Amino acid sequence: MRAIQLERTGDPDVLREVQLPVPEPGAGEVRVRHDAIGINLIDTYVRKGLYPTQLPAVLGTEGAGVVDAVGADVAHVAVGDRVAYVSRATGSYAEQRVVEGAAVVRLPDGIDTRRAAAMMLKGLTVQYLLRQMRVDLVAGDLIVWHAAAGGVGLIACQWAKALGYRVIATAGGPDKCALALAHGAAYAVDYRREDVAARVRELTGGAGVKAVFDPVGKDTWDGSLACLAPRGLMVSFGNASGAVPPISLLTLTRGSFYVTRPTLGTFTADRGILEIMASELFAIVSSGAVRIAAPREYPLADAARAHRELESRATTGAGVLIP
């Protein structure tokens, strides 16, 4: 089978197409023949070495397709089922993949595999951020969401609106701000032209917001804290600009702030909880309250180009690799 592998970390040019044996599933495992493979920022973190992995490695944690082999002790899916998954291990940038059965969920009829590959990691991320974070949000509350024109952000703007929250979206440039507004954000702030924290204070009458959701990391950390109301929650869930440097806890005394750095893997480790999360994601997409746009498509061999475009911050929405 064809796969995209890296033997060393570095820029996108380290990605190489190789031929690998088709793997066989063991006990508790499922083999999926991919229709589409999700492309996510976490893939670039692994490629660059920010998240260490054993090399050589096949990138990717997300995919969708059809089950073509099932190992022992797997009863919830069968050969021929349409499925999607997010795995804790890498290995998705390939025509086929063996994945832990506990990560695989069946797709409802109304969701095609290409959109599923574009939405599983991003949609489940929004689910736990909006539905499971310990913050007392109520309808009408304003929240800040950075990088709101990205794949996660566009889902978040819609889902938050469905829950009654008002999103102050940040994005780079007028087109991206307009896209966030079209997907349900109440306000959009162009971080290239405006002081985000000052604009948030203006929109909240100086009070600040109860929560900031930040996938950017290093570049937005200080500004995010400046957006918070006293006892507000800072949710740092990504490193698009680099990891947040070590901080002094005294920084949080400016408003007795709460800070968390969650990961999707923690929330999906329990199979029962994953089923609930996926069911909620599929339901809100099927209802039309959250629309998943057709993703940008790249041939599997163009994984390096996909990474360059993703890291350029010139893209919006989600992208997938097509084997």
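Trainee: What covers the buried residues of helix 4?

Mentor: In this predicted model, the cover over the buried residues of helix 4 includes helix 3, strand 10 and strand 11.

Trainee: And which residues of helix 4 are the buried ones?

Mentor: Helix 4 runs over residues 174-182, and its buried residues are Lys176, Cys177 and Ala180. Looking down the axis of helix 4, you find these buried residues within an arc of 100°, so they line one face of the helix.

Trainee: What is exposed on the other side of helix 4?

Mentor: Asp175 and Ala182 are exposed there, on the other side of helix 4. Just after helix 4 comes Gly184, which takes a positive phi of about 110°.

Trainee: You mentioned strand 10, so is it mostly covered or mostly open?

Mentor: Strand 10 is mostly covered, with five of its six residues buried.

Trainee: What order do the strands take in the six-strand sheet?

Mentor: The six strands form an open sheet in the order 11-10-9-12-13-14, and their pairing is parallel. Strand 11 (187-190) and strand 14 (258-260) stand at the edges with a single partner strand each, so one side of each has no neighbour in the sheet. From one strand to the next, the twist averages 15°.

Trainee: How many bridges are there between strand 9 and strand 10?

Mentor: Strand 9 (residues 142-145) and strand 10 (residues 166-171) pair in the parallel sense over four bridges, and Val144 stands opposite Ile168 in strand 10. Helix 3 (residues 151-163) packs on this sheet and touches both strand 9 and strand 10, while the direction of helix 3 makes about 170° with that of strand 9.

Trainee: Changing topic, which residues line the second largest pocket?

Mentor: Its lining consists of Arg134, Val135, Asp136, Lys210, Ala229, Pro230, Arg231, Gly232, Leu233 and Tyr258. The second largest pocket holds about 250 Å³ of space.

Trainee: Where does the largest share of that lining come from?

Mentor: Strand 13 (residues 228-236) gives the largest share of the lining of the second largest pocket, namely five residues.

Trainee: OK, now the three-strand sheet: what order do its strands have?

Mentor: The order is 2-1-4 in an open sheet, and the pairing is antiparallel. Strand 2 (16-19) and strand 4 (57-58) are the edge strands, each of which pairs on one side only. Strand 1 (residues 2-6) and strand 4 run antiparallel and are joined by two bridges, and the bridge partner of Leu6 in strand 4 is Ala57.

Trainee: Then there's Pro23, where is that found?

Mentor: Pro23 is in the loop between strand 2 and strand 3 (29-39).

Trainee: Why is Pro23 called partly exposed?

Mentor: The relative accessible area of Pro23 is 24%, and the class of partly exposed residues lies between the buried ones, under 20%, and the exposed ones, over 50%. Not counting residues up to four places away in sequence, Pro23 touches Met1, Arg31 and Val98.

Trainee: How many Å apart are Pro23 and Ile247?

Mentor: They are 44 Å apart in space, taken from C-alpha to C-alpha, and 224 residues apart in sequence.

Trainee: Last one, is His307 buried or exposed?

Mentor: His307 is buried, because its relative accessible area is 0%, which is under the 20% cut-off for that class. His307 lies in helix 9 (residues 303-311). Leaving aside neighbours within four places in sequence, His307 is in contact with Pro12, Leu15, Ile39, Asp43, Thr44, Arg47, Leu59 and Tyr93.

Trainee: Which residues are buried in helix 9?

Mentor: Ala303, Ala304, Ala306, His307 and Leu310 are buried in helix 9. Seen down the axis of helix 9, these buried residues fall within an arc of 160°, so they line one face of the helix.

Trainee: And what do the buried residues of helix 9 pack against?

Mentor: They pack against strand 1, strand 3, helix 1 (41-48), strand 15 (296-299) and strand 16 (319-322). Helix 9 is then followed by Arg313, whose phi is positive, near 65°.

How values were computed. Residues numbered from 1 in each chain as written. Predicted model: local features only at pLDDT ≥ 70, side-chain atom pairs only at ≥ 80, totals over all residues. Heavy atoms only, no water. Pairing = 2+ DSSP bridges. Axes fitted to C-alpha atoms, helices over the stretch in contact; angles between N-to-C directions. Contact = heavy atoms within 4.5 Å. Buried < 20%, exposed > 50% of the residue type's maximum accessible area, 1.4 Å probe, protein only. Arc of directions from axis to C-beta. 1 Å grid on protein atoms, 1.4 Å probe; cavity = no way out; pocket = protein on both sides within 12 Å on 5 of 7 lines; lining within 4 Å. Points joined across faces, edges and corners; volume = space filled by probe spheres on them.
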